[in-house]
Amino acid sequence: MALQLLDTLKDSITTYTGLSPTTFFTVVALALAFYYFVSGFFGSSDHGGHQQRSRNFEEEVEALPPPVQLGEITEEELKEYDGTDPKKSLLMAIKGQIYDVTQSRMFYGPEGPYALFAGKDASRALAKMSFEEKDLTGDISGLGAFELDALQDWEYKFMSKYVKVGTVKQAVPVNDGEANVESVEATDGEAKPAEGDASGSAKPLEDDGPSKGSEAANDVPSETVATETVDKSDADVDKD
């Protein structure tokens with residue numbers, strides 16, 4: 001059975017290639033040897049390059065600085081972590097929460113597609129998927145429900161993937177109570193001269209007192225004269 005298959009194979013080789021079985025197998029062996037020689041030469045070079053790239057990547061990963069907790073910082077201080085200084089962490093904020101995105105430098109680094117978001121609170125830009133400079137702010141007032149949902153998704157992604165290292169210090173607006181106190185103090189200061197004027201203008205009224213007293217004093221003699229006249233009339237009646 002085996003001999004019949006071998007004879008059939010020899011006949012097929014001769015029929016389809018025109019070569020004898022010995023010549024055919026010799027050519028096949030040489031072709032395989034040449035293939036392994038060439039693939040070994042280029043394959044070893046590529047393998048060495050792959051190992052070198054892997055080594056460089058591992059060194060880059062090991063060189064990443066560990067996340068440093070910054071606490072509360074201002075927006076100006078946050079700009080220092082935009083990736084331009086390779087010795088500093090790469091930071092980004094969402095809704096006032098700062099995250100260390102150094103591990104995604106390929107996206108948020110100086111040459112990444114989202115580099116303009118680094119070192120800023122880009123909440124509004126992420127919600128609107130905008131790359132405009134005016135939207136690179138943490139102000140999310142006036143956004144629609146769809147945009148707020150998109151921002152929420154971004155926040156969940158950052159919370160699950162990156163380490164939170166601080167918060168953005170918000171500017172404190174002027175308190176209305178303090179403004180009212182200042183205005184009241186200013187009003188009191190302006191009112192003091194008026195009180196002095198009022199007291200000064202009241203002095204002439206005090207001077208009028210004696211005149212009123214003098215009028216009263218003048219009225220007293222009139223009443224006395226009338227009394228004396230009545231007494232005299234009664235005396236005359238008694239005489240009669």
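Hi everyone. Let me begin with a definition: a residue is called buried under 20% relative accessible area, exposed over 50%, and partly exposed in between. Please also keep in mind that this is a predicted model.

You'll find Lys95 in the loop that runs between strand S2 (91-94) and strand S3 (97-100). Its backbone deserves a look too: phi of Lys95 is near 55°, a positive value, and this residue is not a glycine. Most residues other than glycine have a negative phi.

Where else does that turn up? Met129, also not a glycine, has a positive phi of about 50°. Met129 belongs to the loop between helix H5 (123-128) and H6, and at 47% relative accessibility it counts as partly exposed.

Now, on to the rings. How many aromatic pairs does a search of the whole structure find? Eight. One of them joins Tyr108 and Phe158 edge-to-face, 6.1 Å centre to centre with 65° between the planes. That pair links distant parts of the chain, with Tyr108 in helix H4 (residues 105-108) and Phe158 in helix H6 (residues 145-161), 50 residues apart. Both Tyr108 and Phe158 are buried.

Another pair, Tyr114 with Phe117, is stacked: 5.9 Å between centres and 15° between planes. Here Tyr114 is partly exposed, because its relative accessibility is 24%, while Phe117, at 3%, counts as buried.

Ring pairs gather these four residues into a cluster along with Tyr99, Phe131, Trp154 and Tyr162.

One last stop: the charged end of Lys88 sits over the ring of Tyr81, 5.5 Å from the ring's centre.

Note on methods
Residues are numbered from 1 along each chain as its sequence is written. This is a predicted model: local features need pLDDT of at least 70, side-chain atom pairs count only at pLDDT 80 or more; totals for chains, interfaces and linings use all residues. Side-chain values use heavy atoms; hydrogens and water are left out. Rings of Phe, Tyr and Trp (its six-membered ring) pair if their centres lie within 6.5 Å; planes under 30 degrees apart count as stacked, over 60 as edge-to-face and the rest as tilted. Helices (H or I, at least four residues) and strands (E, at least two) are DSSP runs, numbered from the N terminus. Buried means under 20% relative accessible area, exposed over 50%, partly exposed in between (1.4 Å probe, protein chains only). A charge sits over a ring if NZ of Lys or CZ of Arg is within 6 Å of the ring centre and within 35 degrees of the ring normal.
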